[in-house]
Amino acid sequence: MKKNLRPRTAFARLLAVAFLLPCAAALAADVRVVGSDLLGAAFSKTLAGAAAESGTRLALALEGSRPGLDELKSARAHLAVVVLTAGDEKEFAEFRGVPLAFHGVVVLVPDAAPLEQIALDQLDGAFGVGGPLLITRWGDFGLKGEWAANVVSPQVPAVGTSLITEYFRHRVLKDRAFKSNLGRYGTPEELSIRLAGASRAIAIATAVPPTALRVKILPVAVRVGEPAFLPTPENLVSGDYPLRLPVRVLFRADAPPSVTALVRFLLGEETARALAAAELVPLPPAARRQLAAAIEKSP
């Protein structure tokens, strides 16, 4: 290592310490990061910039969560950033892992809708076929007045444009089919139009469209009559908000200090800003600091 190297970022300082440890020769190898291809250009740029400042040879291959997990299992990668559902827990049980962020899954309705919260079984009835509830009109939510007789118009992202469509179908509909009257929107602007005016739409999205006016996010409960929660970072971390698709960082328990230093950097503010630019919801600062401290203390 050059004596005049003075890293400026938190990751660079951590790696500087890691490379000064006794097994420095073993740590000189590249750190190969694999995983999701939906983390955004800002994420890759931030990671590459931090590695360059520290003199680390970083290899990035963000080609998808499944290929990334396969590479980690076969020891062709040191660290994977993946998006896998709760049912895939057995796939990563052999690795250490920490949550990094969440894909947003919000339920949107026009601000004029007299509906203040919704439960998973009601979403099932509004979007899917063959479930325990059948919701075709707004009155089926228990609403009265002018909205009651109006047909519910469910909306989801177009095929191939977002992970949340299939996640929602798996989590809420239990892999059953969507209704035949389901609308699919291709862009946030298109969703804004479908929620505007006298719309009777209900939609799932990653966030409120920037151009949307008079639209509200509904708190979601697991079951009717139970407390409902908004998708705040704190509620996503705690699991109180039931629609959450986590982005996880996976690595081996015996990972070298260069890898754990990288994990701590991924839990930092620079990475959080990069993930937010990709429309992900980073963990709140307190949760990130707690996880980073736990990694620091672990053997």
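Which residues have the most contacts inside the largest nonpolar core? In this predicted model, local features require a pLDDT of at least 70 and side-chain atom pairs count only at pLDDT 80 or more, whereas totals for chains, interfaces and linings use all residues. Residues are numbered from 1 along each chain as its sequence is written, and side-chain values use heavy atoms, with hydrogens and water left out.

The largest nonpolar core comprises 64 residues, and those with the most contacts inside it are Phe43, Leu123, Phe127, Trp138, Phe141 and Ile202. A nonpolar core is here a set of buried Ala, Val, Leu, Ile, Met, Phe, Trp, Tyr and Cys residues joined through side-chain atoms within 4.5 Å; buried denotes under 20% relative accessible area, with a 1.4 Å probe and protein chains only. Helix 9 (residues 257-266) supplies the largest share of this core, 5 residues. A second, separate core of 11 residues includes Leu72, Ala77, Ala80 and Phe92.

Beyond its neighbours within four places in sequence, Phe127 is in contact (heavy atoms within 4.5 Å) with residues including Pro154, Phe168, Leu182 and Ile202. Across the chain, 74% of the contacts between residues at least 6 apart in sequence join residues at least 24 apart.

The chain contains 11 helices and 13 strands, assigned as DSSP runs numbered from the N terminus (helices H or I, at least four residues; strands E, at least two). Of its 299 residues, 47% count as buried.

The mean pLDDT, the predictor's confidence in each residue from 0 to 100, is 87 for the chain, and 89% of residues reach 70 or more. Over residues 1-29 the pLDDT is below 50, and this stretch has 46 contacts in the model beyond near neighbours in sequence.

Definitions and conventions. Buried < 20%, exposed > 50% of the residue type's maximum accessible area, 1.4 Å probe, protein only.
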